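Please walk me through this structure, starting with one chain and ending with how the two chains meet.

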2 protein chains.
Amino acid sequence: MKLTEPSLLLDENKCRNNIAAMADKARLHGLELHPHFKTHQSQRIGDWFKEEGITSITVSSLRMAQYFADDGWEEITVAFPVNVLRRDIIKELCKKLRLNIYINCLESARYLEDKLKRQVGVFTELDTGYHRSGIPYENQEEIAELLDFFHQSEHLQFKGFYAHAGHTYHVQGKEAVSKIHRETVERLNEVKARFSDDIKIAIGDTPACSLADDFSGVDIIRPGNFVFYDLVQQQIGACSYEDIAVCMACPVVEKRPERNEVIVHGGAIHFSKDMLETSEGQVYGKVARLHDQGWGAPEAGCYLKSISQEHGLVKLSPEQMEKVQIGDWLGILPVHSCLTANLMQSYISLSGRKVTMM
Amino acid sequence: MKLTEPSLLLDENKCRNNIAAMADKARLHGLELHPHFKTHQSQRIGDWFKEEGITSITVSSLRMAQYFADDGWEEITVAFPVNVLRRDIIKELCKKLRLNIYINCLESARYLEDKLKRQVGVFTELDTGYHRSGIPYENQEEIAELLDFFHQSEHLQFKGFYAHAGHTYHVQGKEAVSKIHRETVERLNEVKARFSDDIKIAIGDTPACSLADDFSGVDIIRPGNFVFYDLVQQQIGACSYEDIAVCMACPVVEKRPERNEVIVHGGAIHFSKDMLETSEGQVYGKVARLHDQGWGAPEAGCYLKSISQEHGLVKLSPEQMEKVQIGDWLGILPVHSCLTANLMQSYISLSGRKVTMM
C-alpha cells in the first residue's frame, strides 16, 4: 500500500511480543488475564490474544462489547459504570455470552434488577485512591448495602471488586508504581475480608501490571495499553521505546529551516491532545526514523512540539533538518496510543495491509 | 429519537444565527466570506451557508475537499500547507471545481509544477506572529523567490497571502484581539505593497472575525469555529454562552454524593482533551441544563473537571447533586467544538434527527 495520508503503523511482532509477555506474566503469577480491548479496538488484534489462550476480555462500552461479541468472545466485562439506559443491549448481550458489568451505585442496581430477565455478572469498583469512579473503600456502609442487594438479587450476580489505580500514571519507576499497587491490593483485600472468600479481586492499570512483581491477593488483571505501549508508559518506566508497537507516519508539508522546524500533516484529529512534560518541554510525540522493517529509536532533539486540528509542528535537530525533504515521511511515536488509535480508526501493518478497527 | 449514548446536540437556530451574523458582517465590510468547514464537516450544515449566498468555502484537508466537492461546491480552498503526495487528488479536484491550495515552500511549488496538468489557485501563508506555518513576513527574499516562481509557473496561479493569527486565542476581549488583528493585517499589507495590487489578503481566526470592527486591507475572511462557537470563544469574548450551538448530552452513570460529583459517559473520545483554565480550576466542559427546546446557560459550580478515555468526572453544586439521578442526561458545553464534532461524527438536532458528517 502506498501511503499518502497520515497513517498509524502497527508492528505486529512488537505487538505480539507485548501480548505474549503479559500472558506469560499472568501465567507465572497464577492470574486470569482479561485484557482490555479499548486500546486496540480491533477484532484482528483480538485474534492474536486468542492464540495466547485468552478467552475473557474487557471493554469500555457496551458498543465495544457488541463489536467483540460478534467475533465470538465468550466472556466480556464492560469496565465502565453501567449506563442503565442501554438495558436493551445488556439483555441482548446476555443471550450471547457471559457478560459482566460494573455497578457502583445502589440506584443502578435497583434499576437493572427490575428490568433484566437473565443473570449478568457484576463487579463493583472501589476507589482506593484515584478518586475517579467507584465507592470509596473506607465507605463500609455503602459497600455492605450494595452487596446485600446483590445477595438478594435474582439477576445481578456479584463476582468481585475492581480498582483502577490510575495514580500510577503520576509516578515513575518500579518502586513508586509497586508501592501504589500494593496499597491498592491491600485496600481491596481489606474490604473483601469483611465479606466472602469467593469475591474476586481485579486490577487493571498497565504500569502496575507491567512493573509489579507481587500479585498476591489479586485474581484478575485487566490491562489494555500494554498491547501497544506509548511514550507515557515509557516515561513511567513500564516499557522501553523498543516495545512501542504503533507509530504515526506523517508527511512533511512545510520546512522552516530558520527555526529547525517542519510542519507535518498530523494534528489533534490524529494524535489527540495528550502531552508529556519532558526536559525538552511539552512533547506531543517523538520522532523515530522510519525504515523498511518499521522504525528506530527516537532521534535526539526531534519531537512534536505543538499541534492544532491538522497541523503538527515538529522540532528537528540541525542534522535532521539538513536532510528532510517535502513529501518525506516522519515516524512519530504517540504520547497516548489508546487515543491515537481511537482517532485513526485503522492500522497499517509493516507489510502494508490495512488492519481494521471497530 | 430516543438517546441512550453520549450525543452531540445541535441547535439549528443558534447555528443559523451564527452563520447569518457572520455573513451580514462580511457584507457590511465588503469582505468575501469563505467559511472554514473543518468545524462542522457536514454537507447538511453546508446547505445553511448556501442559503446565505456563500459559494466559496475553506477546508483543512484534501479529503474534506473531496467530501464537499461531491456536494457541488464550486470553489474550495484547502487551508493547509499542500501535501504533495496527494497530487492525484489535486488533479481530480481541479477537473471538478476551482481549487485553491496553500503553498508555503519553493520545494512544494517546484514539485507540483512538474506534476500538474491544469491550473490551481495558490495562497501563500505568511507568519505574522503565530509561528506555526507560513513564511515569516519579514523574510523578503523567500517570499520574493516563491512569487517569482509562481509568476513564471504554468499551473500555479498565485492569488494571495493568508495569515492565521492563532495568537488571538491567547488573549481576551475586543481590544486585545483587535490589536493582534490590526498588526496581522498591517504586516500582510506591508508585504503585499512590495508586489502587486492584485494580491488578495485573507485572514481566518474566529476571534478577530467576530470581534474586530476594522477590516480595511482585508479581502477574504475564512473563520470556521463561529458556526458553533464554544467555551474557548466565550472566554475570549468572541461569543456569549447563548451563541454556542452544540452541546454534548451525557448520561449519568454513577453518583458520588460524598464529594458532589457524578460520573458521566463522556470522555476524551467524545470531547477531546482540550481544557480551559478558569477561576474554578481546569475545566473540560460546563454543565447546562437540558430542556425540550435545547439547553440553558451554564449552571454555577457545575463543570466537567476531568476526563479519561470514556469517563467524565463532573463537579456539581450541592443543589444539583441533590436532584440528579442515575440515567439522567447532563448537557455539557464543549471547550473546543471543532474537536468534539470531529470525534462525535454526527449531530442530533433538537427535533431528534441525525445530522450526518464527513
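Of the 358 residues of chain A, 53% count as buried; a residue is buried if 20 or more other C-beta atoms lie within 10 Å of its own, exposed if 12 or fewer, and partly exposed in between, with C-beta atoms placed from the backbone. The model is predicted: local features need pLDDT of at least 70 and side-chain atom pairs count only at pLDDT 80 or more, while totals for chains, interfaces and linings use all residues. Residues are numbered from 1 along each chain as its sequence is written, and chains are lettered from A and ligands numbered from 1 in the order in which they are written.

Chain A holds 12 helices and 20 strands. These are DSSP runs numbered from the N terminus, with helices (H or I) of at least four residues and strands (E) of at least two. The C-alpha trace of chain A spans about 70 × 40 × 35 Å along its principal axes.

Two residues are in contact if their C-beta atoms, placed from the backbone, lie within 7 Å. Among contacts in chain A between residues at least 6 apart in sequence, 64% join residues at least 24 apart.

Chain A is divided into domain 1 (31-222) and domain 2 (241-356), with bounds from an automatic or database domain assignment. The C-alpha centres of domain 1 and domain 2 of chain A lie 34 Å apart. Seven residues from domain 1 and six residues from domain 2 make the contact between them in chain A.

The same surface serves both copies, as 100% of the contact residues of chain A recur in chain B.

In the interface, 42 residues of chain A are in contact with 42 residues of chain B. Several elements of chain A each supply at least two residues to this side, including helix H5 (106-115), strand E12 (261-265) and helix H12 (337-344). E11(A) gives the most, with four residues. The chain A side divides into 17 nonpolar, 15 polar and 10 charged residues; Ala, Val, Leu, Ile, Met, Phe, Trp, Tyr, Cys and Pro count as nonpolar, Asp, Glu, Lys and Arg as charged, and the others, Gly among them, as polar.

In chain B, helix H12 (residues 337-344) has eight of its eight residues buried. They pack against elements of both chains, among them helix H10 (268-271) of chain A and strand E11 (246-256) of chain B. Just after H12(B), Gln345(B) takes a positive phi of about 65 degrees.

Most residues other than glycine have a negative phi. Ser272(B) also has a positive phi, near 75 degrees; Ser272(B) sits in the loop between helix H10 (268-271) and strand E13 (276-278) of chain B. Ser272(B) is buried, with 29 other C-beta atoms within 10 Å.
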